[in-house]
Amino acid sequence: MVEQDWVGERFAEHQDRLHAVAYRMLGSSGEAEDAVQEAWLRVSRADTGQVENPGGWLTTIVARVCLNMLEARRSRREESAGALPAEPHAQHASVRPTGQGGPEDEALLADSVGVALMVVLDALAPAERLAFVLHDVFALSFAEIGAIIDRSPAAARQLASRARRRVQGAAGASDAARSAKREIVEAFLAASRGGDFAALLELLDPDAVVGDLRGGQEVAGFFAGRAQAARLALVDGVPAAVWSHLGRPKAVITFTVDDKITRIDIDTDPDRIRDLDIVILPADDKERH
């Protein structure tokens, strides 16, 4: 009973911090509450005889619960991924991420980036998100983080660094996400899914090109009714479309726009795609309906 009382007191003492960790990890107040509750069930049954740092111990348990929840969330998304019809071969341009890592104390951008940050965090792999949040937001060491995710401290540092580069580019990505090009790409995807040939023609330049296809009529005919599973995204900070299978990007569709769409390129090369900085954007209501 004395041990149970000690656990309850320590949990209550650190509960606000635990909820903050869970909220930053999961991005949902409801899920954060669930994570903290699950953590309490675990600690209430645990042997606390070897616990020397209650705060760190409780943070580790909550972090592991959140990691499991993030991995389950990612699995559900992978299972719900659709399929993209075969696309024509096209010439591919090799593109590399341009973002560079900065000082660690610049990583916390939640107040200035807002929604853009949450979009970036949601696109990170669970281990990347955990490493970034626990180190850059809650100042856990990479040794502590590595123990949580069963990686070395160096691997944990690399995960956090990769996530940090994405977060530091979120402010610029937010501007790109609201750009006129985004509106055009979003409208094109909606018209393609809906098979709206007239709307596609309106968005395409009369001399538009995609692979071996030439002219707005041919391009519109090809895309009408297709791209059902393509998602609006920022690719290296530029509005584009991405088709994923089992949670992994398999095709990147980029658009050259000069008032209207003049060129569409479809890249399916896995090595090039692996090097791209891809952030899936949330769909607007008009795109979902």
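**Grounds for the labels**

Author: In this predicted model, a search of the whole structure finds four aromatic pairs.

Reader: What makes the pair of Phe188 and Phe223 edge-to-face?

Author: The ring centres of Phe188 and Phe223 are 5.1 Å apart, and rings pair if their centres lie within 6.5 Å. Their planes stand at 70°, and planes over 60 degrees apart count as edge-to-face; the pair is therefore edge-to-face.

Reader: Why is this pair said to tie together parts that are apart in sequence?

Author: Phe188 belongs to helix α10 and Phe223 to helix α12 (residues 216-223), so the pair joins parts 35 residues apart in sequence. Both Phe188 and Phe223 are buried. Ring pairs also link Phe188, Phe222, Phe223 and Phe255 into a cluster.

Reader: How do you know that the length of helix α10 agrees with its number of residues?

Author: Helix α10 (residues 180-194) has 15 residues and, at 1.5 Å a residue, should span 21 Å; its end C-alpha atoms are 21 Å apart, so the two values agree. Among the buried residues of α10 are Ile184, Val185 and Leu189. Gly195, with a positive phi near 65°, follows α10.

Reader: What span should helix α6 have, and how far apart are its end C-alpha atoms?

Author: The twelve residues of α6 (residues 126-137) should span 16 Å at 1.5 Å a residue, and the end C-alpha atoms are 16 Å apart, which agrees. Helix α6 is mostly covered, with eleven of its twelve residues buried.

Reader: Why is Asp267 called buried?

Author: Asp267 has a relative accessible area of 8%, and buried means under 20%; Asp267 therefore counts as buried. Asp267 is located in strand β6 (residues 260-267).

Reader: What makes the contact of Asp267 with Arg272 a salt bridge?

Author: The closest N and O atoms of Asp267 and Arg272 are 3.1 Å apart, and the cut-off is 4 Å, so the contact is a salt bridge.

Reader: Why does Arg263 count as partly exposed?

Author: The relative accessibility of Arg263 is 32%, which lies between the limits of 20% and 50%; Arg263 therefore counts as partly exposed. Its salt-bridge partner Asp265 is buried, at 16%.

Reader: Is Glu13 buried or exposed?

Author: Glu13 has a relative accessible area of 51%, and exposed means over 50%; Glu13 is therefore exposed. Glu13 and Arg10 meet in a salt bridge at 3.0 Å, and both lie in helix α1 (residues 2-26), three residues apart.

Note on methods: Residues are numbered from 1 along each chain as its sequence is written. This is a predicted model: local features need pLDDT of at least 70, side-chain atom pairs count only at pLDDT 80 or more; totals for chains, interfaces and linings use all residues. Side-chain values use heavy atoms; hydrogens and water are left out. Helices (H or I, at least four residues) and strands (E, at least two) are DSSP runs, numbered from the N terminus. The expected span of a helix is 1.5 Å times one less than its number of residues. Buried means under 20% relative accessible area, exposed over 50%, partly exposed in between (1.4 Å probe, protein chains only). Rings of Phe, Tyr and Trp (its six-membered ring) pair if their centres lie within 6.5 Å; planes under 30 degrees apart count as stacked, over 60 as edge-to-face and the rest as tilted. A salt bridge is a side-chain nitrogen of Lys or Arg within 4 Å of a carboxyl oxygen of Asp or Glu.
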